[in-house]
Amino acid sequence: MSVRRKLIAGNWKMNGSRAQLAELSAIAAAAREAAGVDVAICPPFTLISLAAARAGGLAIGAQDCHQSDSGAHTGNVSAPMLKEAGARLTIVGHSERRADQHESDALVSAKAQAAIRHGLRTIVCVGESEADRAAGRAGKVVSAQLSGSLPDPEGDGEMVVAYEPIWAIGTGKSATTADVAEMHALIRAHLIDNFGDRGGRIRILYGGSVKAENAAELFAVDNVDGALVGGASLTAEQFVPIIQAAARC
Ligand SMILES: O=C[C@H](O)COP(=O)(O)O
């Protein structure tokens, strides 16, 4: 059994509503039953405080945070604001933001540093495109993202890495367990090289079409310490079996 607890984080992306928060009670109940597993849901900013108020022990998080604490940054939200709203974690550097908002590795690193400084558990996302994988440069691309995007993990918040191959996100095409094993081993080696013993304790999540049907086999792979789940985190019916699969590992 791994020394690292499994973490199952749901990313609702730009989905959800007040009505959908009704899903949280069954998810929270499953999280309480899953003793060795940390469970989180990251709804849109607008739902964080409402979700936190009815989380029932479930950790509520954000999907992004600004690198500054405050200032003239229209439309952005800072780590202290997220904390005040009740967030305990945040995702940064998701491939959808890297693409849609043109976020660079340096910006992702600054955001992660701010979140960790303010005590948020911080999930830093990396992952290659389909073209990168087809060209045989998936490892090179992910290594460069790790070098550029990971902050100094010292701070009150915990740093977590999520490997999300872009071609597996929302497509129903999960990576094979062999591909996941190879990439998570590469990420682990990078973490140990850069952060020593601490690198051995950093959790590495897999993301990309994780669902009830493939969760158990993914969680059995070395260095897979949980999952970042998109579509299947939107309902308790689909998310709870993933939590239960992690609890059985
Ligand atoms: O943040 C979550 C990932 O982008 C995975 O999304 P997905 O489970 O819908 O493929």
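Start with N11, which sits in strand β1. In this predicted model, N11 has 26 other C-beta atoms within 10 Å, so it counts as buried; the cut-off for that label is 20 or more. If you skip its neighbours within four places in sequence, N11 is in contact with C42, Q63, I91, L228, V229, G230 and S233.

Follow one of those contacts, G230, and you land in the loop between β8 and α11. G230 has 21 C-beta neighbours inside 10 Å, so G230 is buried as well. Not counting residues up to four places away in sequence, G230 touches N11, K13, I169 and G170.

Now bring in the ligand. It has 14 residues around it, and N11, I169, G207, G230 and G231 are the closest. By residue type, that shell splits into five nonpolar, eight polar and one charged. The UniProt record, an unreviewed entry, puts the feature "binding site" at N11, W12, K13, G170, S209, G230 and G231. Those positions are spread over 221 residues of sequence, yet they cluster in space, with a largest C-alpha distance of 13.9 Å.

Next, have a look at helix α10, residues 212-219, where A215, L218 and F219 are buried. Why do they end up on the same side of α10? They cover an arc of only 85° around the axis, and that puts them on one and the same side. The cover over the buried residues of α10 includes β1 (6-11), α8 (177-195), β7 (203-207), β8 (226-229) and α11 (236-247).

G93 counts as buried because it has 28 C-beta neighbours inside 10 Å. Leaving out its neighbours within four places in sequence, G93 is in contact with R98, E103, V108, V124, C125 and S149. Take V108 from that list: G93 and V108 are 15 residues apart along the chain, and their C-alpha atoms are separated by 5.2 Å.

Finally, zoom out to the whole chain. Its secondary structure comes to 11 helices and eight strands. The radius of gyration is 17 Å, close to the 18 Å that the globule rule gives for 249 residues, so the chain is as compact as a globular protein of that length. Along its principal axes the C-alpha trace spans about 45 × 45 × 35 Å. Buried residues make up 48% of the 249 residues. Among contacts between residues at least 6 apart in sequence, 74% join residues at least 24 apart.

How values were computed
Residues numbered from 1 in each chain as written. Predicted model: local features only at pLDDT ≥ 70, side-chain atom pairs only at ≥ 80, totals over all residues. Helix = DSSP H or I, 4+ residues; strand = E, 2+ residues; numbered from the N terminus. Rg over C-alpha atoms; globule rule 2.2 N^0.38 Å. Buried ≥ 20, exposed ≤ 12 C-beta atoms within 10 Å, placed from the backbone. Contact = placed C-beta atoms within 7 Å. Arc of directions from axis to C-beta. Near = placed C-beta within 6 Å. Nonpolar A, V, L, I, M, F, W, Y, C, P; charged D, E, K, R; others polar. UniProt positions renumbered as here; feature names shortened; annotations may be inferred.
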